[in-house]
Amino acid sequence: MTGQTTVRHTAPAVVRRDRPTAVPERAEAPVAAGEARLVTGEPGCGRSRFLERAARAFTAGPVVHVRADPAAATVPYAGLRALLGLFADPDAHWPAVPPRNGRHALDTLDGPSADAALRSALRTASADGPLLVCVDDAHLWDPASRAALGRLGRDPRAAGAVGLLLTAPGHRPLDPEFAGIPPLRLDPLTAAASAALLDEETGGSLDRGVRDDLVAEAEGNPALLLALLRSLTPAQLRGRAPLPRPLADAELLTALVGGCPSALTAEEEQVLLTAAAAVREAEDGSAAVAPVRRALARLTGGAPAARLDPPPDLLVLGDGRLRFRSALVRRALYARAGERGRRAAHRALAAQETGLPGLLHHAWAEPADAATATDGAAAALATALAAAAGDPAVPASPRLRCAALARAADLTGDGPDRARHRLAAAQQALLAGQPHRALRLLDAVRTGAPDAELRGRAELLRGAALLRDGPVDEARATLLLAKSLLAAHAPAAALAATLGAADAAWAAGDVPGCLEALAEGHGEKEPEAPSGTPAGPGAASADPAASLASGDDVLREHRRGMLALLERRFGAAVRSLRRVVDAAAPGDRVETLLRAAAAALLMGDLVGARGAATAALVAARTQGEAAALGPALEYLAYTELRAGRHGLARTHAEEGLRAAQRAGQRNTAAHHHAAQALAASIDGDADAVARHVRHAQDISLRHGLAQAATLAEWALARADLGDGRPAEAADRLGPLVRPGPGRGHFAVWMLAVPCFVEAAARAGRGGSAGPVVEEFAEWARFGADPQAPAQLLRCRALLAPPDRADGLYESALALHDTAGGDFERARTEFLYGQWLRRRRRLREARDRLGAALVGFERCGARAWAEQARAELRANGTSAGGARAGDLSALTPQQLRIVHHVAGGATNREIAQALTVSTRTVDYHLRKVFAALGVRSRVELARLVEQTEKTPAHP
């Protein structure tokens, strides 16, 4: 029964992620002592490999690994006897299961005694420390053993310090014995993880195009991925011989699912095939039941199969829809049916569906080869398909439109029409988050020898795909080629290529490349703003009533704004970029909204950036444009980072990373890793910082992403600074912010200057920071960062002599009142309090450090908050504040505010009563909260009440 039984008493401290399916992102085991998990997933998802890696990650104690033997599945308690027999084996170094009444417990198992024996054995085995029990393919155990195992899984603490991991397939109904055990489902691999697995298996020698083909064909299933790899010849692996089509045939797919299903009636086969045809291009893998039922009636002439009563372990029905439990099983069923059966199913479905789905089923019912390409009916069907797929009024997802256009190309003879259909299909594939499918369609456009405009549009799409997932230098060159091909035929498309090339150069940190892309062919110069005209986020446009009439106008203004910004013509830059932001409105095209978000970020208009990016996110979800989700969430993450809302930034980046990985956008994923690293550097999560920095830098090095790499390095330095290691932070940041070949990305290094100045000053190296502060002053005057003016004064205070520092800190705090943002204000309060403490101005220092502590805690900056507590202790003040009832340390104004709060007044009411601003009230309340150690208005009111009831001591 055991098949394989292993006992391991030690485990390495670090888990190496050498199988993306099998090793969790974290280094610890996925289950702890006293917990149970049921690991599930479809065939080939790597459940057994997952158990192996989980066992290595369990460092708290020994691991018992039992694999089921299907041959003993009908023997009562065979599985349990195998497990208990391990503990009775003296070679396993376990205490033996004690006999009862002269008979061994293994010989007398029944329901109650089975539970007792299992729990007794596990409690004894874990008496000296935690134990992990792994049961692979637990569904193959006999029913009695499954029942005992399931009862243990629902109450694992009853067996002592034991962790329990079971595996069972997720493509079949869950065994009732395992109901109630928390599931841990292994999702399909991302495209990046699939590619990494292939690179590992081949030592990186696999041709990149072949690798991408295998990744696309496997759809995230690691077993299928590796089976496809092993089916290729050495010439095919190196890209020197064509790949077989289809890559995954019926024989391979059926073998991977274990020959399942094998015992189906002809009627059941027909039901499953029709269902598989119905969901072939469905976005969510489901289809409506009603048309499938009608199609079955047409296929069977009203036979019982029309009742749509398939095997429940394969198909799920509910809420009027059907779906397969396993995508791999669905593919195997569809492939093994044969072309004739598939065409018949699609023909029956075509008679029941309307609109684009009906046309597409009709097209799949027709053969597509060279002979049919000249057939008049096929040509008419191709024309109808392309027209419906290209009509924005027809409701359809980009994925469905792509399938329709690609099929229209298959049904069209060689020539410009076929190339145009493939080009349109590639564009929809990019929108759907299927870059590999888009690139393969574009390869076919190239071989069709179309005219210059079609080739230019193909290069434009290819460059757009590379910009999100590929070397950005290659993306820039491709987009510049598109620009040259399109300039004489499609000026609007050429302008899109211009901006795309500039985006690629921007990502690479290539200022000359940006200028070349933006300025080539354009000699105009924007006039500078007249003297006295504001040149910041709040600057008015030259014509406030002007609006941009079209998407082309938006692109044109964005180009002008980027060019002016890089040429340091800040007034002209703000005017153009402001027009782009003001022109955006909910309901616009996703690309227009993303441009508006980017323009707003360039100006430091965080409200505009948040609004445009949110609108883009909503539009992308509504329109099914999966490719836009990652970029929209990237803009939101960076907006919240700039605003100091790090927790929200981390949430956006986590979701954006998942979206980017699903869409195969490694470059976008790198930015989300960098954003998470920056957010984690505020939280004090050193492990998360290191993990995300490693991922961001890995992609950045391979694809030339200087911006993401600089952000990641800044995150490491900020983590050093938050942990009280200013010297290390200064060493890391110095090369990024100082002039020279090693300087970081031009759009990032200015943001990192305040961190460098703080690190250098705290490490006693303030003299090295002077030159960059003067450059930072120019950045602060531009107004692209609302925090920069206050940060500039803080930097000057850090480097100033004592007679000037006091005033500079006070001025910086006043500017923070305007800019907002708890984190940056808390940093200034902290540095000011630290400065005051070193000059023995202890009462003032306590106020500043207390306010800093509250600010850090409010924004979740745990490491920084700990530094503030340490400074308060060094100041002779408890970090918890004054003792209860001690209001004597407060100023008269603070006491007045406290009594108003105790009376239930709001900040606005207090401000009106005291004739001050609400900001002043908020400022004093922060100090009061820090000084008294309270965290809410309710606690403050209770403290006042207690103080007034307590008689004063003589």
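I began with Arg437, which counts as partly exposed at 25% relative accessibility (buried is under 20% relative accessible area, exposed over 50%, partly exposed in between; 1.4 Å probe, protein chains only). The model is predicted, so I note its limits: local features need pLDDT of at least 70, side-chain atom pairs count only at pLDDT 80 or more, and totals for chains, interfaces and linings use all residues. Residues are numbered from 1 along each chain as its sequence is written, and side-chain values use heavy atoms, without hydrogens and water.

Salt bridges next. I took a side-chain nitrogen of Lys or Arg within 4 Å of a carboxyl oxygen of Asp or Glu. I found 64 in the whole structure. Arg437 pairs with Glu281 at 3.5 Å, N to O. Arg437 lies in helix α18 and Glu281 in the loop between α10 and β7, so the pair ties together parts 156 residues apart in sequence (helices are DSSP runs of H or I, at least four residues; strands are E, at least two; numbering is from the N terminus). Glu281 is buried, at 15%.

I looked up Arg841 and Asp806: their closest N and O atoms are 2.7 Å apart. Asp806 is buried at 19%, while Arg841 is partly exposed at 26%. I also logged a salt-bridge network of Asp213, Arg245, Arg440, Asp443 and Arg462.

Then the core (buried Ala, Val, Leu, Ile, Met, Phe, Trp, Tyr and Cys residues joined through side-chain atoms within 4.5 Å). The largest nonpolar core has 136 residues, and Trp714 is among those touching the most other members. Another core, of 50 residues, lies apart from it and includes Ala193 and Leu243.
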